[in-house]
Amino acid sequence: MSSRPLLQSLIIPTVFLLISCSDNSCPNNLPGWNDKFDIENSTSVSNYLRLDGKELSWNGVSISEGALVKNLRGTRKIIPQPLIAISFNSDVNCQEKNKIRKIVHQHYSCEEGFLCQER
């Protein structure tokens, strides 16, 4: 009796599991992002950024990436600076998440006071 079919039946599900798990994990490794602040119960002013599929929204209003950059730059001038809470729909892939994270990180003060948070 050959052990080859048994070996194949063990390897294929394992490879599939590794691929599907890596697609679901997309950690944010940018410095200065707040992962402990409870934005839901905060009295601070906050702006909410959401990526749902391909639609980007700022406080519930659909915007382009160019408008996002303008909003972030304008918001930097507000004192005290508001928090930025970012959320992603479950169908958003890691590449798109990282693209939005990078835009926010480049155009806002995420490192200067932990003003950015994913939720």
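**A chat about helix and sheet**

Modeller: Let's begin with helix α3, residues 94-107: its 14 residues reach 20 Å from first C-alpha to last, close to the 20 Å expected at 1.5 Å a residue. That expected span is 1.5 Å times one less than the number of residues. Helices (H or I, at least four residues) and strands (E, at least two) are DSSP runs, numbered from the N terminus. This is a predicted model, where local features need pLDDT of at least 70 and side-chain atom pairs count only at pLDDT 80 or more, while totals for chains, interfaces and linings use all residues. Residues are numbered from 1 along each chain as its sequence is written, and side-chain values use heavy atoms, with hydrogens and water left out.

Biologist: What caps the N-terminal end of α3?
Modeller: N93 does, with a side-chain oxygen 3.1 Å from the backbone nitrogen of Q95.

Biologist: And which residues of α3 are buried?
Modeller: Among them are I100, I103, V104 and H107. Buried means under 20% relative accessible area, exposed over 50% and partly exposed in between, with a 1.4 Å probe and protein chains only.

Biologist: What covers them?
Modeller: The cover includes β1, β2, α2 (65-75), β4 and β5 (116-118).

Biologist: OK, new topic. In what order do the strands of the sheet come?
Modeller: The order is β3-β2-β1-β4-β5, five strands in an open sheet with mixed pairing. Two strands pair if DSSP finds at least two bridges between them.

Biologist: Why is one side of β3 and of β5 left without a neighbour in the sheet?
Modeller: β3 (61-63) and β5 stand at the edges and each has a single partner strand, so one side stays without a neighbour there.

Biologist: Which strands run parallel, and which antiparallel?
Modeller: β1 (residues 46-52) and β4 (residues 83-88) run parallel, joined by six bridges, and L51 stands opposite F88. β1 runs antiparallel to β2 (residues 55-58), with four bridges. β2 and β3 are also antiparallel, with three bridges, and W58 has V61 as its bridge partner.

Biologist: What sits between β1 and β2?
Modeller: Two residues, which makes a hairpin; G53 in the turn has a positive phi of about 70°. D52 stands opposite E55 there.

Biologist: Last one: how does α2 lie on the sheet?
Modeller: α2 lies across β1, β2, β3 and β4, at about 25° to β2. α3 packs on the sheet too, touching β1, β2, β4 and β5, and its direction makes about 170° with that of β4. Contact here means heavy atoms within 4.5 Å; angles run from 0 to 180 degrees between N-to-C directions, with axes fitted to C-alpha atoms, for helices over the stretch in contact.

How values were computed: Polar contact = N/O pair within 3.5 Å; in protein donor to acceptor, adjacent residues only side chain to side chain.
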